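Here is a short note to read beside the model. Keep the structure open and find each residue as it comes up.

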Amino acid sequence: MLSTTGSPFVLSFVLLLSLPVVFFILAPHILPPKTLPAIPTSDELDDLNLFRRATLSSSDFSLPPKNRPKIAFLFLTNSPLTFSPLWDRFFAGHDNLFNLYVHTDPTKPVPPPGGVFTAARFLARNKRTARASATLISAARRLLAAALIDDPSNAYFALLSQHCIPLHSFRFVYHSLFASDPYNSSFPRNRRLRYKSFIEILDGEPGLHDRYIARGDDAMMPEVPFSSFRVGSQFFVLTRRHALLVVRERRLWKKFRMPCLKSKEDSCYPEEHYFPTLLSMQDPNGCTHYTLTRVNWTDSIGGHPHTYGSDEISADLVRRLRVSNSTYSYLFARKFSQETLEPLMTIADTVIFRD
């Protein structure tokens with residue numbers, strides 16, 4: 001029989017042993033879940049000022065008299081622009097039909113390349129970017145805002161990375177986007193140009209629900225119900241009206257800028273969700289629902305697509321990468337390693353730019 005004098009000690013000992021168990025059970029309900037880093041408030045305020053300027057300067061787009069519409073090429077990079085010589089060849093002779101904008105990661109300085117990129121606008125408001133965070137969305141929005149402010153003739157906005165290459169000549173790309181030959185036809189003057197955006201918009205994809213709850217089970221509600229949540233390629237070609245819609249938007253952004261839970265890091269790809277979800281909710285008929293940038297996901301590793309090496313470069317590869325299920329050929333492709341530049345330059349004139 002247990003003595004009464006030992007009972008308080010035993011009871012205290014039992015309670016002490018029980019505390020870890022109680023904490024393990026109650027902790028998830030008491031302590032906030034650990035999340036990935038959030039976007040700094042100072043960055044948000046800085047971006048907001050930039051987006052307001054873009055909105056005020058682009059409230060209504062009309063093509064200036066005597067100007068042909070231009071394509072704004074937006075490069076999002078955190079490493080050297082290895083394929084600058086290939087892009088030099090692509091842009092040669094078309095100076096009045098495009099503009100270049102580059103967003104770099106300030107923590108990974110990118111040396112300015114020569115050639116055509118000498119005249120590129122390197123954004124002064126660059127911020128740090130990281131996977132599994134909304135920083136890639138912010139960087140794309142900065143590029144769109146800078147291009148909106150810079151030139152009212154920018155009618156299309158093509159987002160690319162340092163690993164992207166062109167699959168056709170500039171003339172072919174321009175003609176495909178504007179569905180009119182810029183060398184033989186006159187474009188409409190002093191009226192809004194209405195084209196469609198080329199952005200992948202998918203629903204019902206495997207793992208979509210896991211991506212939706214990456215910030216918490218009900219974190220996206222009520223602004224973004226699961227029925228409206230979409231996924232798509234990080235890279236797109238937007239019309240000017242959609243670029244403006246993106247930099248104006250605030251309601252959905254307050255949800256997508258929320259950091260994902262640390263435990264859901266493998267399902268956190270905000271840059272693949274925000275743009276297709278926003279445009280699907282706001283203007284689905286104004287989008288093609290497919291991308292013009294070819295990516296090979298057949299043997300992806302750690303969320304990264306297949307990276308082509310020098311031994312894979314051939315005329316046959318370029319022709320295969322162009323083939324699309326839509327009425328449009330793919331215009332760009334990724335992901336290419338640095339070592340592929342030399343073999344790509346070898347076939348640039350005879351294959352890539354010979355449409």
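1. A disulfide is a pair of cysteine sulfur atoms within 2.5 Å. In general terms, a disulfide is a covalent bond between the sulfur atoms of two cysteines. This is a predicted model, where local features need pLDDT of at least 70, side-chain atom pairs count only at pLDDT 80 or more, and totals for chains, interfaces and linings use all residues. Residues are numbered from 1 along each chain as its sequence is written, and side-chain values use heavy atoms, with hydrogens and water left out.

2. How many disulfides does a search of the whole structure find? The search finds one. Cys260 is joined to Cys268, with S to S at 2.1 Å. The link of Cys260 and Cys268 is right-handed, with 70 degrees about the S-S bond. Both cysteines are buried (under 20% relative accessible area; exposed is over 50%, partly exposed in between; 1.4 Å probe, protein chains only).

3. Now look at Ser133. Ser133 sits in the loop between β3 (121–122) and α4 (135–150). Helices (H or I, at least four residues) and strands (E, at least two) are DSSP runs, numbered from the N terminus. Ser133 counts as buried because its relative accessibility is 11%. Leaving out residues up to four places away in sequence, Ser133 touches Cys268, Pro270 and Glu271 (contact means heavy atoms within 4.5 Å).

4. Is helix α9 (residues 274–282) mostly covered or mostly uncovered? Mostly covered: seven of its nine residues are buried. Among them are Tyr274, Phe275 and Leu278. The buried residues of α9 pack against α4, β6 (197–200), β7 (237–239), α7 (240–248), α8 (253–256) and β8 (287–289).

5. Next, the charged pairs. The whole structure holds 15 salt bridges (a side-chain nitrogen of Lys or Arg within 4 Å of a carboxyl oxygen of Asp or Glu). In one of them, Lys127 meets Asp46 at 2.9 Å, N to O. This pair links distant parts of the chain, 81 residues apart: Lys127 is in the loop between β3 and α4, and Asp46 is in helix α2 (residues 41–57). Lys127 is buried, at 15% relative accessible area. Asp46 is partly exposed, at 21%. Asp43, Asp46, Arg125 and Lys127 are linked in a network of salt bridges.

6. One further pair deserves a check. Glu223 and Lys254 meet in a salt bridge at 3.3 Å, N to O. Glu223 lies in the loop between α6 and β7, Lys254 in helix α8, 31 residues apart. Glu223 is buried, at 10%, whereas Lys254 is partly exposed, at 41%.
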